[in-house]
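Visitor: Please show me the structure, and then let us go through it slowly, one question at a time.

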Number of protein chains: 2
Amino acid sequence: MPRPPKSEDRRRELLPVLAAAFSELGYRRATTAELAERCKVQENILYRLWPDKKTIFIAALDYLFQRRMDKWKKELDKASSTKSRIVRLVELTSKDLGENGLYRVIFAALNETDNVEIKLAMQRLYHRYHASLDAEMVTHRKLSGSSTPAECGDLAWALISLVSFMNIALDLELMDSKERKRFFSAMAFNLIEGS
Amino acid sequence: MPRPPKSEDRRRELLPVLAAAFSELGYRRATTAELAERCKVQENILYRLWPDKKTIFIAALDYLFQRRMDKWKKELDKASSTKSRIVRLVELTSKDLGENGLYRVIFAALNETDNVEIKLAMQRLYHRYHASLDAEMVTHRKLSGSSTPAECGDLAWALISLVSFMNIALDLELMDSKERKRFFSAMAFNLIEGS
DNA sequence: CTGTAAAGTAAGTAATCACTTACAATACAA
DNA sequence: TTGTATTGTAAGTGATTACTTACTTTACAG
């Protein structure tokens, strides 16, 4: 009888490398030749693990997003402090803005939204992002009693706007690291706590 | 003696077409063949007007940004109403979010920031954008006396964050048009007037 | 007219793209 | 060992890319 398939393991092994490549190079410049070289395999091996490049890209996008969500969850679940979870989340975000390459892949994906599957993957990602921020915001408001004029859903989208732009500013070097942190913290806390 | 050169006129003629192509297709998918076809010329004519594709792209980016700034200036300079300029600017922005293809070209450019000239063009664009919003914010604050806890410079960046994300939301259909306007207006006025 | 350089046409360049084919080596159940 | 399906290697596919070359036509200053 044949060898047992290990494709699933292999995919898991290669995904971090592929994700790093896409976040460095974007979609178009991350050629299949380049991807294969970084994985130290031949191109056709990638094509045995995934049907096409677009599918690899979506897998990398999902992987980076999931990794970030896992990291957040782990950090927030650490029994800690008097600070609310959303406050710690903002501090966390401010600390490692752009740390994993998630946003660079997101910006790459924004240029491929004419592809239906990539667009769906992005919608899924943003809705999950929004849902989890919204949930944190709601529990924060319940516990702290702090009230802002806006609804939690709106505040969650506003936070996402801030984070998105922080990554643009990082890429374009519009602000230095200190300035970026100061601006983001100030605006984010203003959103959370009201003024 | 030879014919007088009309290259400058020709460039001005073609730029709107080229800008439209880049904003529909992004940088990579706007191939030189496609650009030429839309301009109804042969490829080498484009190469007589510009040295390379990257330069065409930057010209298109600058053109779209300038067009938007001109439109703003024109609208705001209309003698009008009791409303402050920055309030009218927000209303204007909310009305025609994504109207000209500027943001799609900006997102395309964000994937090409490894090219030094494109990166510089983007820095220039954002700094000019920020400077004009900041100026409007300062005069608004002087005139209306309204005070928010944050500085004008920060508020200007926050507005830019909002607009950037509104264009992502538009592209990904994260909100419908009504929801988008409601959210943007609410958050933008909150930024301008404080709460 | 006429000379000249700009404007237009048509074809072609080498390089690179995503993806494939053909085949040898390997590892495991029997 | 042996049969079989997985894993690896090497080469090649046609299509497409940004950019060029060679050449003809046109418009205008003198």
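Predicted model: local features only at pLDDT ≥ 70, side-chain atom pairs only at ≥ 80, totals over all residues.

Visitor: How many helices and strands does chain A have?

Guide: Helices are DSSP runs of H or I with at least four residues, strands are runs of E with at least two, and both are numbered from the N terminus. Read from the N terminus on, the elements of chain A run α-α-α-α-α-α-α-α-α. The count for chain A is therefore 9 helices and 0 strands.

Visitor: What share of the residues in chain A is buried?

Guide: A residue counts as buried if 20 or more other C-beta atoms, placed from the backbone, lie within 10 Å of its own, as exposed if there are 12 or fewer, and as partly exposed in between. Chain A has 195 residues, and the buried share of them is 34%.

Visitor: Is A:Lys40 buried or exposed?

Guide: A:Lys40 is found in the loop between helix H2 (32-39) and helix H3 (43-49) of chain A, and its phi is near 60°, a positive value in a residue other than glycine. Because A:Lys40 has 9 C-beta neighbours inside 10 Å, it counts as exposed.

Visitor: Where does A:Glu173 lie?

Guide: A:Glu173 is not a glycine, although it has a positive phi of about 55°. With 13 other C-beta atoms within 10 Å, A:Glu173 is partly exposed. Its place in chain A is the loop between H8 and helix H9 (177-193).

Visitor: Why do the buried residues of H5(A) line one face of the helix?

Guide: The buried residues of helix H5 (residues 85-95) of chain A are A:Ile86, A:Leu89 and A:Val90, and they pack against H4, H7 and H9 of chain A. The arc is that of the directions from the helix axis to the C-beta atoms. Seen down the axis of H5(A), its buried residues line one face because they fall within an arc of 100°.

Visitor: Which helices cover the buried residues of H6(A)?

Guide: Helix H6 (residues 102-110) of chain A is mostly covered, with 9 of its 9 residues buried. Two residues are in contact if their C-beta atoms, placed from the backbone, lie within 7 Å. The covering elements include, from chain B, helix H6 (102-110) and H8, and, from chain A, helix H1 (7-29), helix H4 (53-77), helix H7 (116-144) and H8.

Visitor: What relation holds between chain A and chain B?

Guide: Two copies of a chain are related by a rotation about an axis and a shift along it. Here the copies are superposed by least squares on the C-alpha atoms of residues with pLDDT of at least 70 in both, and chain A can be laid on chain B with an RMSD of 0.0 Å by a turn of 180° and a shift of 0.0 Å along the axis. That is the relation of a two-fold axis.

Visitor: Which element gives the most to the side of chain A that touches chain B?

Guide: The contact takes 31 residues from chain A and 31 residues from chain B. On the side of chain A, the elements that give two or more residues are H1, H6, H7, H8 and H9. The one that gives the most, with 11 residues, is H8(A).

Visitor: How are H8(A) and H8(B) set relative to each other?

Guide: Axes are lines fitted to C-alpha atoms, for helices over the stretch in contact, and angles run from 0 to 180 degrees between N-to-C directions. H8(A) and H8(B) pack at an angle of about 100°, with their axes 8 Å apart. Angles under 35 degrees count as roughly parallel, over 145 as roughly antiparallel, 65 to 115 as roughly perpendicular and the rest as oblique, and H8(A) and H8(B) are therefore roughly perpendicular to each other.

Note on methods
Residues numbered from 1 in each chain as written. Chains lettered and ligands numbered in written order.
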